[in-house]
Amino acid sequence: MSAAVHEPEPPEPRDNYLTSAYGVRSWLLTRDHKRIALLYLASINVFFFLGGLFALLIRLELLTPEGDFVQAETYNKLFTMHGVTMIFFFMIPAIPAVLGNFFIPMMIGAKDLAFPRLNLLSWYIYVVGALFTFWAIVHGGVDTGWTFYTPYSTASSNSHVIATAVGIFITGFSSILTGLNFIVTIHTMRAPGMTWFRLPLFVWSSYATSLIIVLGTPVVAVTILMVFAERVLHLGFFDPALGGDPILFQHLFWFYSHPAVYIMVLPAMGVISELVTTFSRKNIFGYKFVAFASIGIAVLGFLVWGHHMFVSGQSVYAGLIFSILSFLVAIPSAVKVFNWTATMYKGSVSYRTPMLYAFGFIGLFTIGGLTGLFLASLGVDVHVHDTYFIIAHFHYIMVGGTIMGYLGGVHYWWPKISGKLYPEGWAKFAALVIFIGFNLTFFPQFILGYLGMPRRYHAYPEEFQVLNVMSTAGASILGVGYIIPLIYMVWSMRYGRNAPANPWGSTGLEWKTTSPPPTDNFETPPVVTEDPYVYSHEEVEVVG
Amino acid sequence: MGQTLPLFPEQASTMAGRVDALYFYLLAVSAFFATLIALTVIVFAIRYRRRSESELPRGLEGSMKLEIAWTVIPLFISLSFFFWGAKIFFAMHRVPDDAVEVNVIGKQWMWKVQHADGQREINELHVPIGRPVRLTMTSEDVIHDFFVPAFRMKQDVVPGQYTTTWFEATKPGRYRIFCAQYCGTKHSGMIGWVHAMDPGEYQTWLSGGATSESLASAGAKLFQRHACNTCHRPDSLARGPNLEGLFGKQVQLADGRTLVADESYLRESILNPNAKTVAGFQPIMPTFQGLVSEEELLQLVAYIKSLSKPQASPSAQLPPSNRAAPPTPSGKENPK
């Protein structure tokens, strides 16, 4: 196989990372990246289901045109807190802090991350930030929208803007430390023979993500400080009544928050590369193109923030530049989709659950990406900007892309993480329910958006009702789809069959050790002698 | 009503058809590629499905030709979207010269509209069909956004500055106005109607509110009330620039820059006079921040603009009937 570990099935070690120590202390003071990953897994799931609950309440309100289920103020808080919890406390940490934390060291053949204590600190910082935001939610919430646009957030809103913003500010440092840790780890901790072009593509995309996190997050931190200073100290940065410029906030905010979209989706793309190769038993088609596409997205992603501001009154020429750059950033994403598809060519394609999620990702991300082209086209964006078209578009990217990748990754690596197999039949059923529920929820929103239904509307004209009912029906199906895996995953921890070291026959280093792995990951430090994804040692065929 | 399932919005402006044409092009290209990718994935998934657990397909080397093809082809298609979209965007920003001028002020949570002849409306906007209408907009509090889906028109309304946009309605009717930028509790109640009318009906509507005073004339009164005319005067006693013929002209600033005197510059010079002082004058003008409301500012701007119209005289108190027909050929009102 690709990496020369002593034997394909190493002997059962005395202890694995789950059984090496017991008790609350052994978890809360752990420096093992795998245990920290599980701490993250538990915390982000709390926020995922909390954010999902908010979404459900939003959809219930929108079942009828009148604002009759909750009050306008409550509705505004619901969509704000849905965005805040999902983006900052679930989506941004989800894949990096759970799957990245667990598997980056294992995939490069290392014992741990470069800075294990810093890694634990990251989790504590995340928890402190989350508590601030949780406090704000419990004490009445915040109603600015997750975008915190000024001067509404600094001069007009009388909800808990500061507590929420401080929570996001603090959690940002958790991201920065994790990103830093990944960058140093990938540079310095690779096993002998693990050259840059032998890195699994999940590691490449995590590396690109870390670069964005480290460069972008400080900007949003500064922006939040400025909002704080204006709201509390009345320093005029953004409010024209204090001599500020409200558009400046949008530039600063999107300078981080657009790249943040790639923080959320790049790791999922990395997961998909692992899934498609493993379940096609093929080397990835165009390894270097997929790897450099990640870096290309990371770089170009910093140059397109102005496409959120085509109708803000910024100059027409700025609009032109941001439009063309937005088209450019779509190209590397398209290249990835084509390469994943080509990887299946002449492969041995298995329909196990993780691969179903990969199929789902490719389909939904493609629709999300293509509708992004509508938004990059200036003339069309003017019409669909701030309508449900946008909502549909970014949910196809975030939910259809990132969450599909996340769930695919969790299923794929679950045998390694837990040492148990999940029930395949239930898992396939859940994947199907999620796919159907997702499309029924969000596809009608494209139509609603082009019809002109604005986002963040508590009540809406009745001609939009039928499409909203479809969307709400889809959301309830989607909700069920997300609860099923939660149940069977927890069930499998106790009742699932024991997992072998490498249930999928994958070539990744993480599958060369036992399931679950020992605390030091490998009994013997691995030495790498081959490219990743070498499934067959027969002569390589050349196409095209 | 609740049982209808509309799939496509009404087209009621000159821009609507142009936006929709690009939209359909984008839809066609997207449908093609989405189908292509989905079919390829399905065909590969079936054709190359795993037939035995032990099978190990041979590795494939990537193909440079294919990589170049699927980089370059999407790039060129994207460029076609870019140029087409940019062309429409420019048209959306190039206001025709003979446009009817309307001022819009957003505040939580209503739209206040001022017509040049002084008619005021709330959450309603009456316009003629077949004539471009230019909106000069600002906000009294937070950012709002003036959105008329049937016109494919949307523009943020930002406090502290003027934004402008325009449309030309093509058929009589009632069209929804939405606030599209989240602005607080009753954001979804900040809605209204555009009434697009035949030119004749529009004239009747205009003369219906005959008691009102034109914006320029209201502005002229404010100009005197605030004693602006003691300094801004055409004779040798002037301590401020002469405002006659100023609007739309190049202005040389004291710091060497030049700019065009537009609505935003006039507004800024009233509220923050020393930000951009005109060359040859001392920065002695006091600020009028807090002394004039957004509505009065727009009246002052309308007055200063009227000083640049050919037949206007500096002290003109234009009677409303004079301003109803703008100085364009009357044939324009009925293009067909």
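1. A helix axis here is a line fitted to C-alpha atoms over the stretch in contact, and the angle between two axes runs from 0 to 180 degrees between their N-to-C directions. With that in mind, and remembering throughout that this is a predicted model, one can look at helix H3 (residues 72-107) of chain A, whose axis comes within 11 Å of the axis of H6(A) and crosses it at roughly 20 degrees. Since angles under 35 degrees count as roughly parallel, H3(A) is therefore described as roughly parallel to H6(A).

2. The crossing of H3(A) and H6(A) is left-handed. On the H3(A) side, the residues that meet H6(A) include Val84(A), Phe88(A), Phe89(A) and Ile92(A), while the H6(A) side includes Thr164(A), Ile168(A), Thr171(A) and Phe182(A). Taken by class, the residues of this contact are 12 nonpolar and six polar, with no charged ones.

3. H6(A), which covers residues 161-188, also packs against helix H4 (residues 116-138) of chain A, with the axes 7 Å apart and an angle of about 165 degrees. Because angles over 145 degrees count as roughly antiparallel, H4(A) is roughly antiparallel to H6(A). The way H4(A) passes H6(A) is a left-handed crossing, and the residues of this contact comprise 15 nonpolar and 10 polar, again with no charged ones.

4. Turning to chain A as a whole, its secondary structure consists of 15 helices and three strands. The radius of gyration of chain A is 23 Å, close to the 24 Å that the globule rule gives for 544 residues, so chain A is as compact as a globular protein of that length. Its C-alpha trace spans about 70 × 55 × 45 Å along the principal axes, and 63% of the 544 residues count as buried. Of the contacts in chain A between residues at least 6 apart in sequence, 85% join residues at least 24 apart.

5. Between the two chains, 83 residues of chain A are in contact with 76 residues of chain B. Helix H10 (residues 316-343) of chain A gives the most to the side of chain A that touches chain B, contributing 14 residues. That side of chain A has 48 nonpolar, 25 polar and 10 charged residues.

6. Some backbone details deserve a careful look, given that most residues other than glycine have a negative phi, and most peptide bonds are trans. In chain A, the peptide bond that joins Thr150(A) and Pro151(A) is cis, with omega of about -5 degrees, and Pro151(A) is found in the loop between H4 and helix H5 (152-156) of chain A. In chain B, a cis peptide bond runs from Gln108(B) to Trp109(B), with omega near -5 degrees, and Trp109(B) has its place in the loop between strand E2 (100-107) and strand E3 (110-115) of that chain.

7. Asn521(A) is not a glycine, yet it has a positive phi of about 75 degrees, and it is found in the loop between helix H15 (465-495) and strand E2 (527-528) of chain A. Asn521(A) counts as buried because it has 23 C-beta neighbours inside 10 Å, where 20 or more are required.

8. Ala227(B), also a residue other than glycine, has a positive phi near 60 degrees and is found in the loop between helix H4 (215-225) and strand E12 (250-252) of chain B. Ala227(B) has 9 C-beta neighbours inside 10 Å and therefore counts as exposed, the cut-off for that class being 12 or fewer.

Terms used
Residues are numbered from 1 along each chain as its sequence is written. Chains are lettered from A and ligands numbered from 1 in the order in which they are written. This is a predicted model: local features need pLDDT of at least 70, side-chain atom pairs count only at pLDDT 80 or more; totals for chains, interfaces and linings use all residues. Two residues are in contact if their C-beta atoms, placed from the backbone, lie within 7 Å. Helices (H or I, at least four residues) and strands (E, at least two) are DSSP runs, numbered from the N terminus. Ala, Val, Leu, Ile, Met, Phe, Trp, Tyr, Cys and Pro count as nonpolar, Asp, Glu, Lys and Arg as charged, and the others, Gly among them, as polar. The radius of gyration is taken over C-alpha atoms; the globule rule is 2.2 Å times the number of residues to the power 0.38. Angles under 35 degrees count as roughly parallel, over 145 as roughly antiparallel, 65 to 115 as roughly perpendicular and the rest as oblique. A crossing is left-handed if the near helix is turned anticlockwise from the far one by less than a right angle, and right-handed if clockwise.
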